[in-house]
Amino acid sequence: MAERRVVVTGASSGIGAATVRRFAELGWQTVAIARREDRLRALAAETGAHPIVCDVTDEAQVARMAAEVAETGGATGLVNNAGGALGTESVERALNEDWRRMFEVNVIGLRTVTAALLPVLRDGARAGLDADGAGWASILNLTSTAGHAAYPGGGGYNAAKYAAHAVTEVLRLELAGEPIRVMELAPGLVHTEEFTLNRLRGDAAAAAKPYEDVIPLAPEDVARVLVGAFEQPPHVNQDLIVIRPVAQSSVFHTHRGPLVPKAEA
Ligand SMILES: NC(=O)c1ccc[n+]([C@@H]2O[C@H](COP(=O)([O-])OP(=O)(O)OC[C@H]3O[C@@H](n4cnc5c(N)ncnc54)[C@H](OP(=O)(O)O)[C@@H]3O)[C@@H](O)[C@H]2O)c1
């Protein structure tokens with residue numbers, strides 16, 4: 001059985017890929033989950049991750065993924081990171097199909113993966129896989145500041161990430177009494193290569209705009225904080241971690257231009 005092994009969904013790009021790299025740097029074994037096999041293979045070659053191609057919205061694929069995790073060394077950690085946004089239309093003009101897809105991946109996919117891997121995490125905890133011999137496990141769900149504050153055009157993404165936040169809270173209550181911590185990480189503006197491009201349906205010029213004249217978070221920034229939560233002593237549960245760039249003081253306030261100390265307050 002592996003000593004410290006963590007499953008990361010949505011590992012083929014952005015925050016997920018950076019998270020696998022960070023875990024690997026700190027000596028964790030990793031299982032990298034996504035749909036695009038070529039990207040997973042490249043990440044596996046770089047980090048030693050065990051790649052599993054899996055669409056988290058497909059229950060049969062998730063069941064096979066969980067069986068493969070169990071057969072190849074089990075796990076004591078799960079990062080539910082697969083997710084994303086589609087569209088910025090108003091509630092009035094939104095497409096139900098976009099909302100369905102956002103709910104499928106950000107909410108129902110998270111639930112399906114969690115349910116499939118909970119028995120594996122319990123086995124890992126029972127076997128006392130952690131380096132100090134204690135039998136613990138950890139789950140961390142990537143939500144967003146969009147799961148804590150609504151904004152015009154947030155629509156289905158707000159709704160899906162608020163739901164993912166709620167599911168995380170419910171899960172923590174339901175797992176009370178077990179040695180399994182349930183954490184949530186809610187990032188603000190992160191410059192990943194695909195997130196906004198996918199949200200804006202491939203419009204590269206529009207997708208570049210949110211990151212103009214501002215220092216956003218890099219995926220590596222998020223990964224450092226995320227993996228830091230797993231590196232805490234196992235009885236320490238960081239229920240909710242919010243991380244934003246200094247230039248973004250709320251979902252409505254992003255300072256563009258240099259950050260300069262004021263002469264006077
Ligand atoms: N970027 C931001 O500003 C930001 C801010 C707050 C929160 N977040 C959240 O952080 C997470 C990662 O975001 P990111 O910026 O790194 O996005 P990203 O670069 O677009 O990555 C999303 C990842 O999810 C995977 N994925 C999507 N649908 C999937 C499915 N059905 N099954 C399996 N994997 C799937 C994608 O891989 P495949 O396409 O290969 O399957 C990809 O690896 C998301 O949950 C996002 O909502 C992002």
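Modeller: A cavity is a set of points on a 1 Å grid over the protein atoms alone where a 1.4 Å probe fits but cannot get out, and its lining residues have an atom within 4 Å of a point. Its volume is the space filled by probe spheres set on the points, with grid points joined across faces, edges and corners. This is a predicted model: local features need pLDDT of at least 70, side-chain atom pairs count only at pLDDT 80 or more, and totals for chains, interfaces and linings use all residues. Residues are numbered from 1 along each chain as its sequence is written, and side-chain values use heavy atoms, with hydrogens and water left out.

Biologist: How many cavities of 30 Å³ or more does the structure hold?

Modeller: Two cavities reach that volume. The largest cavity contains about 50 Å³ of space, and the second largest cavity has about 40 Å³.

Biologist: Which residues line the second largest cavity?

Modeller: Its lining consists of Thr9, Val56, Asn80, Ala82, Val105, Gly109, Leu110 and Val113. Helix 4 gives the largest share, four residues; helices are DSSP runs (H or I, at least four residues), numbered from the N terminus. By class, five of the lining residues are nonpolar, three are polar and none is charged. Here Ala, Val, Leu, Ile, Met, Phe, Trp, Tyr, Cys and Pro count as nonpolar, Asp, Glu, Lys and Arg as charged, and the others, Gly among them, as polar.

Biologist: Which residues lie nearest the centre of the largest cavity?

Modeller: Of the 15 residues that line the largest cavity, Leu86, Gly87, Glu89, Trp99 and Met102 lie nearest its centre. Helix 4 and helix 5 (155-174) each supply at least two residues of this lining. The lining of the largest cavity divides into six nonpolar, six polar and three charged residues.

Biologist: At what angle do helix 3 and helix 4 pack?

Modeller: Axes are lines fitted to C-alpha atoms, for helices over the stretch in contact, and angles run from 0 to 180 degrees between N-to-C directions. Helix 3 (residues 59-71) packs against helix 4 (residues 96-126) at about 25 degrees, with the axes 9 Å apart. The two helices are therefore roughly parallel (under 35 degrees; over 145 is roughly antiparallel, 65 to 115 roughly perpendicular, the rest oblique). Glu59, Val62, Met65, Ala66, Val69 and Ala70 of helix 3 make the contact with Thr112, Val113, Ala116, Leu117 and Val120 of helix 4, where contact means heavy atoms within 4.5 Å. Nine of these residues are nonpolar, one is polar and one is charged.

Biologist: Which residues of helix 1 meet helix 2?

Modeller: Ala17, Val20, Arg21 and Ala24 in helix 1 meet Leu43, Glu46 and Thr47 in helix 2. This contact has four nonpolar, one polar and two charged residues. Helix 1 (residues 14-25) and helix 2 (residues 37-47) pack at about 20 degrees, with their axes 10 Å apart, and are therefore roughly parallel to each other.

Biologist: Where do the axes of helix 1 and helix 8 come, and at what angle do they cross?

Modeller: The axes of helix 1 and helix 8 (residues 219-231) come within 8 Å and cross at roughly 50 degrees. The pair is therefore oblique.

Key: On a 1 Å grid over the protein atoms alone, a cavity is a set of points where a 1.4 Å probe fits but cannot get out, and a pocket is an open set with protein on both sides within 12 Å along at least five of seven lines; lining residues have an atom within 4 Å of a point.
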